[in-house]
Amino acid sequence: MTDVDMPPKQTFRLSQLIYDTRYRSLTIQVVVFMLFMAGAAWLVDNTIQNLKVLGKDFNFGFLWNRAGYDIGQTLIPYTNDSTHFRAMLVGLLNTLLVSFLGCVAATVIGIFVGVLRLSSNWLVARLMTLYVEVFRNVPLLLWILVIYAIFTEVMPVPNAFRVNPATGEAAASMLFFDTVALTNRYTAIPGVLFSNPLPGILGLAGPLWSALVALAGGLFLNSRLKARATRIQEATGTRPSTWWATLLLLTLPWMAVLWAQGFHLDVPAFNRFNFQGGIKVTNALVVLWLALSLYTGAFVAEIVRAGIMAISKGQTEAAAALGLRPGRIMSLVILPQALRVIIPPLISQFLNLTKNSSLAIAVGYMDLRGTLGGITLNQTGRELEAILLMMGLYLAISLGISGVMNVYNNAVKLKER
Amino acid sequence: MAEIAPFVRHEMLPAEPAPASEAGVLHWLRANLFSSPLNVVLTFAGVFIVYWLVSHSAPWLMHSVWAADSLGECRAIIAERWGPDATGACWAVIRDRWHQYLFGFYPWEHIWRPITVFALLFVAIAPVLFSSVPRKLLWFTLAYPLLALWLLWGGTIWPEVMIAAGFGIGALGFMLGARFGSLGAISLGTLAAALFWVVPAAPLEHALAAMLPIGLPEVSSDQFGGFLLAVTVGVGAIALSLPMGVLLALGRRSDMFLIRALCIGFIEFIRGVPLITLLFVASLLLNYFLPPGTNFDIILRVEILVTFFAAAYIAEVVRGALSALPRGQYEAADALGLDYWKAQRLIILPQALKISIPGIVSTFIGMFKDTTLVVFVGLFDPLKGISDFVRADFAWKGIYWEPYIFVGCIFFLFNFSMSRYAMYLEQKLKRDHR
């Protein structure tokens with residue numbers, strides 16, 4: 001054996017920075033970093049110069065000035081004496097409100113339509129296909145404008161609900177057993193009242209926290225019940241039937257707590273000139289909610305359909321061969337797998353719906369864009385601050401939703417090792 | 001012994017008709033509409049919905065008026081023909097204003113220009129969409145954006161020629177730089193093009209324009225509107241965002257931390273905010289970020305932001321396709337000794353882009369629908385901008401459904417055919433077991 005030669009002396013040459021793969025990526029990153037910083041500096045410098053030319057500064061102090069404008073519908077107390085910051089919060093909550101309602105409704109519509117589209121019923125499957133194709137292929141703005149036009153042009157004026165004393169009839173009638181009235185100015189829905197509510201704790205109203213506690217108690221007892229059923233199944237081989245106890249435990253406690261506090265509905269009723277009682281929801285919210293949920297519902301339907309179709313028939317047959325009954329096949333075999341396919345695109349549809357809620361501009365609903373990016377911006381002339389803040393808030397909402405949904409997605413996704 | 005005559009049938013019996021319950025209309029009805037109690041209920045619900053829709057819209061559609069000069073005249077005609085209580089559609093507004101819905105306020109004597117551009121669009125995308133079209137046509141596809149730019153906005157042809165020359169010089173630089181590897185080629189190409197555009201392009205253009213004033217009458221951006229605007233913004237954005245989206249997707253999967261971080265930051269920021277806020281950036285903030293005194297065209301500003309928006313979404317589509325490729329493809333490319341760009345260009349991207357075409361098409365459908373949002377920065381989109389303009393005329397005050405139906409149908413036709421094309425491609429490109 002000859003001696004192994006000493007490895008050649010490593011000498012560093014400048015050309016290695018480009019030709020040697022060990023250093024090249026570092027070189028590229030340094031160059032990109034310098035270019036990026038130069039670009040950012042250029043933009044910031046331009047902004048500073050432009051602000052100087054316009055005689056403006058960059059400061060968010062305007063948020064604490066008096067807003068001076070009214071907002072039709074607010075979830076937290078607000079008057080025109082409140083600050084712009086308060087107005088921004090009102091707008092943010094309104095955005096979250098319509099997004100939340102829209103996501104719930106779109107999911108319900110989507111599951112319903114997605115399942116019916118796979119139905120063996122020729123007529124229903126065709127109708128659902130029609131719905132999906134029509135809503136998916138036409139801009140959301142059109143649906144918002146059309147539903148808005150239906151509400152403003154076709155719906156009766158509130159006065160039409162006045163009962164004519166001569167005939168004993170009104171020109172317009174309320175919906176859902178005389179509890180909901182659609183008018184061209186607002187939608188009157190029943191409110192919830194309690195005759196003897198418990199005192200509030202930590203800002204939560206009495207009925208709310210007590211019902212939540214009761215629901216949590218019911219859920220806890222239900223989990224104990226399930227555990228007991230599993231124990232019995234393991235010992236004896238037969239599982240005691242628990243569905244009726246589960247149903248009772250999940251519904252009875254909170255209903256009983258609410259009933260004990262004197263739960264009753266405050267149904268709106270026409271009284272001389274206008275509706276009294278109940279809650280008057282601005283039509284802007286109703287229109288936006290309907291349009292967003294119908295539009296997004298069509299996309300969700302496609303996702304649900306694809307999710308169900310992605311599970312091969314063999315899974316159902318294998319589960320049946322194991323002796324599972326149809327209900328358990330669905331809950332133990334099909335759904336867990338279908339959800340894995342459905343959840344990720346569903347998250348992005350929820351995000352889309354939230355972002356699309358900024359189309360509130362078309363109906364004058366005072367969301368984040370209507371307050372901070374609308375009237376506040378126009379009154380204070382602070383485009384730079386208002387738009388950057390608005391984008392930051394939307395970004396935070398989006399990242400928040402996708403964060404929460406990703407946690408859920410990680411919980412249900414296939415565990416690969 | 002009695003002769004036994006064996007019975008042998010010589011001809012086939014005619015086939016019996018299927019039982020009445022297993023054939024014909026009855027069977028179809030039973031199988032498809034009344035197969036179970038639930039289906040019976042669903043069928044009746046469906047029939048009721050169809051009846052409700054038809055009974056509410058049919059009379060209105062039957063009482064259509066096509067020739068009138070105002071909504072009042074329409075209503076008078078309807079009342080005269082079908083009685084005072086009849087309601088009817090007044091399509092006369094479409095007959096009167098269709099050109100505004102399609103072309104906005106584009107000068108009527110130059111209307112051949114947008115029509116030519118639109119017709120040439122199909123020639124330009126044919127080689128991209130269908131593999132049977134001759135490959136030579138791809139050169140026309142490359143030249144098409146500049147041709148469209150010149151035809152639509154007019155002016156002298158030299159700015160567009162300068163842009164094209166810049167690309168040509170860039171390509172020359174790329175070829176010269178190819179000796180120093182892919183990185184050298186790209187840097188040299190970009191540098192050469194940028195140098196040409198910054199230094200000699202403007203004076204050269206002025207000189208050429210003075211010598212040879214070839215050109216068309218100018219049309220300003222505020223004369224654009226309707227579907228012309230929607231298609232211009234939409235097609236422009238998708239064409240520009242495709243290369244940008246591919247680069248962003250590659251960047252997001254890069255091994256280099258800084259590049260990955262920048263790409264993720266850009267993509268997630270753009271995808272996290274609504275398009276409306278980006279359009280506000282285009283109309284209100286872009287002037288802050290650019291050197292003082294810069295003021296350029298609003299359509300161009302919107303185009304830039306819409307391109308960013310589309311690029312972020314396309315980047316995600318392409319990233320999905322890149323991660324769907326088997327790892328072996330990357331390893332095989334490495335084993336062949338290809339460098340990064342050659343591996344991407346020859347092995348990875350052709351496969352990845354093929355998988356991502358359906359996703360790109362649906363991004364484009366979304367993009368095209370979103371072009372209606374430009375109305376909120378003061379442009380005349382076909383849906384709200386032009387409709388509001390038409391309603392501002394006293395003759396058509398208070399007309400709602402007809403314009404919406406007209407515009408909705410056109411959007412539906414565009415998007416439905418695109419989504420069908422995407423489905424056709426998905427079927428055609430499928431390489432798995434069927």
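The model is predicted. Helix H7 of chain A comprises residues 243–260 and has a kink of about 30 degrees at Leu252(A). Ser99(A), in helix H3 of chain A, is buried.

**Helix H7 of chain A**

- At 1.5 Å a residue, the 18 residues of H7(A) should span 26 Å, and this agrees with the 26 Å between the end C-alpha atoms.
- The kink at Leu252(A) comes shortly before a proline, Pro253(A).
- Four residues of the helix are buried, namely Ala245(A), Thr246(A), Leu249(A) and Leu258(A).
- Among the elements covering these buried residues are strand S5 (191–194), helix H6 (206–236) and strand S6 (263–266) of chain A.
- Gly262(A), which follows H7(A), has a positive phi near 80 degrees.

**Transmembrane annotation**

- An unreviewed UniProt entry lists several spans of chain A as "transmembrane region", including residues 242–264 and 386–408.
- Residues 242–264 of chain A are 78% helix and 9% strand, with end C-alpha atoms 31 Å apart.
- Residues 386–408 of chain A are 100% helix and 0% strand, and their end C-alpha atoms lie 33 Å apart.

- Helix H3, which holds Ser99(A), runs over residues 84–117 of chain A.
- Ser99(A) counts as buried because its relative accessible area is 5%, against a cut-off of under 20%.
- A polar atom of the Ser99(A) side chain lies 2.6 Å from the backbone oxygen of Thr95(A).
- Beyond its neighbours within four places in sequence, Ser99(A) is in contact with Leu353(A), Thr354(A) and Ser357(A).

How values were computed
Residues are numbered from 1 along each chain as its sequence is written. Chains are lettered from A and ligands numbered from 1 in the order in which they are written. This is a predicted model: local features need pLDDT of at least 70, side-chain atom pairs count only at pLDDT 80 or more; totals for chains, interfaces and linings use all residues. Side-chain values use heavy atoms; hydrogens and water are left out. Helices (H or I, at least four residues) and strands (E, at least two) are DSSP runs, numbered from the N terminus. The expected span of a helix is 1.5 Å times one less than its number of residues. The bend at a residue is the angle between axes fitted to the seven residues ending there and the seven starting there. Buried means under 20% relative accessible area, exposed over 50%, partly exposed in between (1.4 Å probe, protein chains only). Contact means heavy atoms within 4.5 Å. UniProt positions are given in the numbering used here, feature names are shortened, and annotations may be inferred rather than shown by experiment. A polar contact is a pair of N or O atoms within 3.5 Å; within protein, one must be able to donate a hydrogen and the other to accept it, and residues adjacent in sequence count only if both atoms are side-chain atoms.
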